[in-house]
Amino acid sequence: MQLALVHARYQLLEIIRIPVAVFGSAFFPAAAMIFFVVPFAGDDAVGATYATASMVTFSVMSANIFQYGVGVAEDRDQPWNPYTRTLPAGPAPRFAGRVLAGLALTYLSLIPVVVIGATLTAAQLTPGAFLLALGTVAVISVPFTLMGLAIGYSLPSKAAIVVAQVLFLPLAFGGGLLSAPGDAPGFIETIAPYLPTRGAAELMWASAADYDMEPLALIMLGVWVVLLAALAGWAYRRDEGRRFS
């Protein structure tokens, strides 16, 4: 655990030294809150609560896909990365440290969304629901962390940026994050349960408000976690083999 914390500290220091990286993770969800949620659902307590939970999911997805997808790919190009793979501690502390740092950045990127929801909308959350939502953030980070790792370990940095950008908006729109529960266009409601974003959003909606989760969306979220874990593991082993072949 101590080695994992050392790696996490190293990762966070690298990120903090480039503040725009933190700013980028928080900007789009906060902008969506200001331009779409505040004017259209800000006065509706229920609607604003659901919309804020959706933007939290949006922020979690953004932070993890881009941080791991682009960050890991860029790290692989650095001479420091092959050296760390030769250390006797093995890959586990590096993975754990990266995940801890990513989770810290994820929570940091949520601050503008939460502040906007609390001050500019009628969204309501009990202290218990707030704590439950904080824990849910860690849970829904898992599939997007794995997705980012799969991208980062399987593609060079320039390609990883493109793939992360191409996946991001379709997953957000297709999962129904930009509309209220049940109010998305018909074709979105049809495909949404099969995407990881919908299962993640439903977990957030349920933690923040009185929402009955759809079993199909949760089952598919679990399927995505298994598939993405397998893909990320394969990408890592493939990259490891190339480094030492």
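Because the model is predicted, local features need pLDDT of at least 70 and side-chain atom pairs count only at pLDDT 80 or more, whereas totals for chains, interfaces and linings use all residues. Residues are numbered from 1 along each chain as its sequence is written, and side-chain values use heavy atoms, with hydrogens and water left out.

The chain contains ten helices and zero strands, and its elements, read from the N terminus, follow the order α-α-α-α-α-α-α-α-α-α. Helices (H or I, at least four residues) and strands (E, at least two) are DSSP runs numbered from the N terminus. Of the 245 residues of the chain, 46% count as buried, where buried means under 20% relative accessible area, exposed means over 50%, and partly exposed lies in between, with a 1.4 Å probe and protein chains only. Among contacts in the chain with a separation of 6 or more, 80% are accounted for by residues 24 or more positions apart, a contact being defined by heavy atoms within 4.5 Å.

Two packed helices are described by the angle between their axes and the distance between the axes. Here axes are lines fitted to C-alpha atoms, for helices over the stretch in contact, and angles run from 0 to 180 degrees between N-to-C directions. The crossing of α3 and α6 is right-handed, a term applied if the near helix is turned clockwise from the far one by less than a right angle, and left-handed if anticlockwise. On the α3 side the contact includes Val56, Val60, Met61, Ile65, Tyr68 and Val72, and on the α6 side it includes Val137, Ile140, Phe144, Leu149 and Tyr153. The residues of this contact of α3 with α6 comprise 14 nonpolar, eight polar and one charged, where Ala, Val, Leu, Ile, Met, Phe, Trp, Tyr, Cys and Pro count as nonpolar, Asp, Glu, Lys and Arg as charged, and the others, Gly among them, as polar.

Helix α3 also meets helix α7 (residues 157-174), their axes coming within 8 Å and crossing at roughly 165°. That angle makes α3 roughly antiparallel to α7, and the crossing of α3 and α7 is right-handed. Among the residues that make the contact are Phe58, Met61, Ile65, Phe66 and Glu74 of α3, together with Ala160, Ile161, Gln165, Phe168 and Leu171 of α7. By class, the contact of α3 with α7 has twelve nonpolar, four polar and one charged residues. Gln165, in helix α7, counts as partly exposed at 47% relative accessibility; Gln165 and Phe66 are 99 residues apart in sequence and 8.1 Å apart in space, C-alpha to C-alpha.

A nonpolar core is a set of buried Ala, Val, Leu, Ile, Met, Phe, Trp, Tyr and Cys residues joined through side-chain atoms within 4.5 Å. The largest nonpolar core has 39 residues, of which Met55, Val56, Val60, Met61, Ile65 and Met204 touch the most other members. At least two residues of this core are supplied by each of α2 (19-41), α3, α5 (91-120), α6, α7 and α9 (196-208), and α3 gives the most, with eleven residues. Leaving aside neighbours within four places in sequence, Met61 is in contact with Phe144, Phe168, Leu171, Ala172, Leu177 and Thr197. A second, separate core of eight residues includes Val72, Ala150, Ala232 and Tyr236.

Val72, in helix α3, is buried, with a relative accessible area of 1%. The C-alpha atoms of Val72 and Leu149, which are 77 residues apart along the chain, are separated by 6.9 Å. Apart from neighbours within four places in sequence, Val72 is in contact with Gln67, Arg98, Leu149, Gly152 and Tyr153. Asp75, likewise placed in helix α3, is buried, with a relative accessible area of 18%, and its C-alpha atom is 8.9 Å from that of Gly152, 77 residues away in sequence. Arg198, found in helix α9, is buried, with a relative accessible area of 3%.

Technical notes:
Parallel < 35°, antiparallel > 145°, perpendicular 65-115°, else oblique.
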